Amino acid sequence: MSTFNTRCPSCHGLNRVPNERVSEIPNCGKCQTPLLDGAPIEGTEANFNAILKSSQPVVVDFWAPWCNPCVGFAPVFSEIASERSGKVRFVKIDTESQQNLAAKFQIRSIPTIMVFKNGQRVDVINGALPKSQFNQWLSQALSK
């Protein structure tokens with residue numbers, strides 16, 4: 001059985017999740033908060049492929065801590081993740097610490113938001129958006 005590690009979005013504890021359970025709603029072993037729903041997941045080379053195999057669509061925010069638009073967009077991304085809990089998975093990939101993932105997806109500007117369904121990219125947008133515009137774009141992307 002292969003596994004990946006992910007940090008709890010609530011207590012930041014490290015949890016090991018079996019790849020077979022990625023489509024379920026595993027909870028943190030420490031605080032019992034859902035690990036993969038309701039808040040953005042920290043995307044890494046170790047867990048990203050397993051997360052993409054989820055039966056739920058996956059929305060990815062490629063960002064960096066030094067990027068002001070990225071930092072300003074983070075609360076919008078988190079709010080939408082909370083509102084769409086159980087329907088869509090949200091992942092944040094720090095392009096500074098995950099340079100191989102940034103290169104693999106040819107990230108040239110940040111923030112870059114990608115939507116995946118069944119492991120395939122269905123839409124991409126560059127730049128931070130206000131909540132209403134992001135929600136509208138996301139609805140259109142998820143309908144593809």
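**Salt bridges in the predicted model**

Let me begin with lysine 131, which forms a salt bridge with glutamate 79; their closest N and O atoms lie 3.0 Å apart. This pair links distant parts of the chain, for lysine 131 belongs to helix 4 (residues 131–142) and glutamate 79 to helix 2 (residues 68–83), 52 residues apart. Lysine 131 is partly exposed, at 28% relative accessibility, and glutamate 79 is likewise partly exposed, at 38%. Please bear in mind that this is a predicted model.

How many salt bridges does a search of the whole structure find? The search returns 5.

I turn next to aspartate 123 and lysine 144, whose side chains meet in a salt bridge at 2.9 Å, N to O. Aspartate 123 sits in strand 7 (residues 120–126), while lysine 144 is in the segment after helix 4, 21 residues apart. Are these two residues buried or exposed? Aspartate 123 counts as buried, at 15% relative accessibility, whereas lysine 144 is exposed, with a relative accessible area of 53%. As for shared partners, salt bridges join Glu79, Glu83 and Lys131 into one network.

Finally, glutamate 42 forms a salt bridge with arginine 7, the closest N and O atoms being 3.9 Å apart. Glutamate 42 lies in strand 3 (residues 41–42) and arginine 7 in strand 1 (residues 3–7), so this pair ties together parts that are 35 residues apart in sequence. Both partners are partly exposed: glutamate 42 has a relative accessible area of 39%, and arginine 7 has a relative accessibility of 38%.

Note on methods
Residues numbered from 1 in each chain as written. Predicted model: local features only at pLDDT ≥ 70, side-chain atom pairs only at ≥ 80, totals over all residues. Heavy atoms only, no water. Salt bridge = Lys/Arg side-chain N within 4 Å of Asp/Glu carboxyl O. Helix = DSSP H or I, 4+ residues; strand = E, 2+ residues; numbered from the N terminus. Buried < 20%, exposed > 50% of the residue type's maximum accessible area, 1.4 Å probe, protein only.
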